[in-house]
Every structure is written in C-alpha cells, then in structure tokens.
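Open the model in your viewer and keep the selection tool at hand. The stops below go from a sheet to the helices packed on it.

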Amino acid sequence: MEHGSMGMRGSMAELASVMFQISTISLPCLSRRHVSVLDQYLRSLRGTLMIMQQKKRLKSQRTIVNGLPIFARVSVDLNHSAAIVMVHGLVVSSRYMLPTAEQLAKDFNVYIPDLPGYGNSGKPRHILDIAELADALADWMEAVGVARATLLGNSMGCQIIAQFALRYPERLE
C-alpha cells in the first residue's frame with residue numbers, strides 16, 4: 001500500500017503523541033512488564049513507520065502476456081546496466097521477496113513478477129508445470145523489454161530458472 005507524505009506525517013505525529021503521553025503519565029494499572037511490552041511495541045511501530053517513509057525503490061505494474069495480466073514489482077529507476085529477475089517459489093508470490101528486492105534495486109534494475117496463477121497475476125485455464133512457467137517467464141521478460149538478466153530464485157523458483165536456462169540460455173547473464 002502506498003502512502004502519501006501527508007498521511008505518513010500524520011501517522012508519525014499520532015505515534016509521537018501517544019509515545020509522549022505514555023512516557024509522561026503514570027499508569028498505575030499497568031505493571032512494569034506491561035509498560036515495557038507496550039514501549040517495545042511502540043518502538044517497533046515507529047521503526048515500521050520510518051521504513052515506510054523511506055523512498056520506495058520498486059513500483060507495481062501489470063503487463064498483458066498471452067492474454068493474462070501479469071503483476072510485477074519493478075525498479076522505479078531503470079538506469080542501471082544490469083538486470084535481476086527474481087522468481088518466487090510455490091504457493092507464494094513475489095511479495096515475500098520485497099525486502100531483498102528493495103536492497104538490490106540500489107544497484108540493479110530489479111523485476112519480480114508474480115507468475116501466472118500466483119499472487120496478483122491472472123489465473124491460466126490450467127495449472128502450469130515448470131516448463132510452462134519458464135516459458136511464461138520468458139514471454140513476460142520479452143513483453144517488458146528485458147532481453148537478458150540474472151535470474152534469482154527461491155524454492156520452486158530455482159527449478160523454473162533451471163528450466164529457463166535449458167530453454168533460453170541466451171537470455172541469461
């Protein structure tokens with residue numbers, strides 16, 4: 001979810017207000033342990049809000065490939081010389097790769113699609129096998145203009161990459 005800067009400032013102000021109130025008033029009904037837990041929670045919330053305020057390095061996009069909408073997260077600034085395509089595993093989407101992708105996007109053009117049938121991408125008429133997912137990945141890369149890339153996968157994503165390498169070796173860095 002993207003947040004406007006005004007909304008984020010409001011959230012930070014609200015958090016700061018709550019933290020100030022808790023730190024300055026006596027809470028006789030709460031034990032020290034409860035106050036400590038509450039303090040830890042508020043500190044972690046503050047950290048989360050600060051991370052959300054940082055410049056996002058990825059944006060969401062949809063591309064129609066073979067009649068299906070394919071959702072992907074892509075580097076905001078595509079001005080690096082090397083591209084990395086991240087391939088998720090079984091029963092998940094690209095979402096769990098976001099922390100790594102955000103870090104890689106500092107130095108690479110990063111692409112993390114939700115393969116057909118996963119995450120926010122369209123659902124094909126049948127469940128795609130590994131070879132079909134490799135073909136779908138190649139078709140998506142073609143559609144978004146990624147001629148060659150380093151592929152980085154997790155779990156079943158590694159199997160898809162191995163099949164991709166057999167079928168499309170010229171597309172790998």
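**Stop 1: the sheet**

Select the five strands, which form an open sheet of mixed pairing in the order β1-β2-β4-β3-β5. Strands (E, at least two residues) and helices (H or I, at least four) are DSSP runs numbered from the N terminus, and two strands pair if DSSP finds at least two bridges between them. β1 (58-65) and β5 (150-153) are at the edges with a single partner strand each, so one side of each has no neighbour in the sheet. On average, neighbouring strands are turned by 25 degrees against each other, direction ignored.

This is a predicted model, in which local features need pLDDT of at least 70 and side-chain atom pairs count only at pLDDT 80 or more, while totals for chains, interfaces and linings use all residues. Residues are numbered from 1 along each chain as its sequence is written, and side-chain values use heavy atoms, without hydrogens and water.

**Stop 2: β3 and β5**

Select residues 83-87, strand β3, which runs parallel to β5 and is joined to it by four bridges. Val87 stands opposite Gly153 of β5.

Next select residues 156-167: helix α5 packs on the sheet and touches β3 and β5 (contact means heavy atoms within 4.5 Å). Its direction makes about 150 degrees with that of β5; axes are lines fitted to C-alpha atoms, for helices over the stretch in contact, and angles run from 0 to 180 degrees between N-to-C directions.

**Stop 3: α4 against α5**

At what angle do α4 and α5 pack? The angle is about 70 degrees, and their axes are 8 Å apart.
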